[in-house]
Amino acid sequence: MTELTPNQRRAKFRDNQDYFSSKISELARYIGFGLVAVSFGLLSSDSIFAKTLVAESTNTLIWAGLLGAVTVLADYMHLLLGWLSNSQAANNKEGDYKLAGIGKLFRFLQDRIFFYLKQLAPLSGAILLVIAITRVVSDGRL
């Protein structure tokens, strides 16, 4: 097997990066919707477990649900800003179809704010949910 050139290696890593980025985004979206559903379900349930959990961790459950909603919003904004920046570049005939002006701002917000927000929000929400459940289960209050 022949050794890959540096450009071929870079292209391979960029392909892998795109694959993992799409999977991370997809998983973050599922976690976001799941956090909203689980939080709402627990807060509105009449089961003994849910009532005990709500009594001990109402604020934690609300924050987990809110972080789920933030995740979904950040995912949407990430995709919308990507579309807007690419549309701006595709319509920039005078600038050789490169990002310019507002398109650069859209790309900055997409890459630096919303991409990371949609990673941190579901992680934080899931951790809060695990803490709330662990607190009740470990104390044996069921």
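Predicted model: local features only at pLDDT ≥ 70, side-chain atom pairs only at ≥ 80, totals over all residues.
**View 1. Helix α1 crossing helix α3.** Here we're looking at α1, residues 6-44, and α3, residues 102-138, whose axes come within 9 Å and cross at roughly 40°. That angle makes α1 oblique to α3. As for handedness, the crossing of the two helices is left-handed. On the α1 side, the contact is made by Ser21, Ile24, Ser25, Ala28, Ile31, Leu35, Val38 and Leu42, while α3 brings Phe115, Lys118, Gln119, Pro122, Gly125, Ala126 and Leu129. Sort the residues of this contact by type and you get ten nonpolar, four polar and one charged.

**View 2. The largest nonpolar core.** Ten residues make up this core: Leu35, Leu42, Ala50, Leu53, Val54, Leu61, Ala64, Leu129, Ala132 and Val136. The largest share, five residues, comes from α2.

**View 3. Zooming in on Leu61.** Leu61 is one of the residues of the largest nonpolar core. Which residues does Leu61 touch, leaving aside its neighbours within four places in sequence? The contacts are Ser39, Leu42, Leu43, Leu53, Val54 and Leu129.

View 4. Gln88 sits in helix α2. Is Gln88 buried or exposed? Its relative accessible area is 18%, and buried means under 20%, so Gln88 counts as buried. Setting aside neighbours within four places in sequence, Gln88 is in contact with Lys98, Leu99, Ala100, Ile102 and Gly103.

Note on methods: Residues numbered from 1 in each chain as written. Heavy atoms only, no water. Axes fitted to C-alpha atoms, helices over the stretch in contact; angles between N-to-C directions. Helix = DSSP H or I, 4+ residues; strand = E, 2+ residues; numbered from the N terminus. Parallel < 35°, antiparallel > 145°, perpendicular 65-115°, else oblique. Left-handed = near helix turned anticlockwise from the far one by under 90°. Contact = heavy atoms within 4.5 Å. Nonpolar A, V, L, I, M, F, W, Y, C, P; charged D, E, K, R; others polar. Core = buried A, V, L, I, M, F, W, Y, C linked by side-chain atoms within 4.5 Å. Buried < 20%, exposed > 50% of the residue type's maximum accessible area, 1.4 Å probe, protein only.
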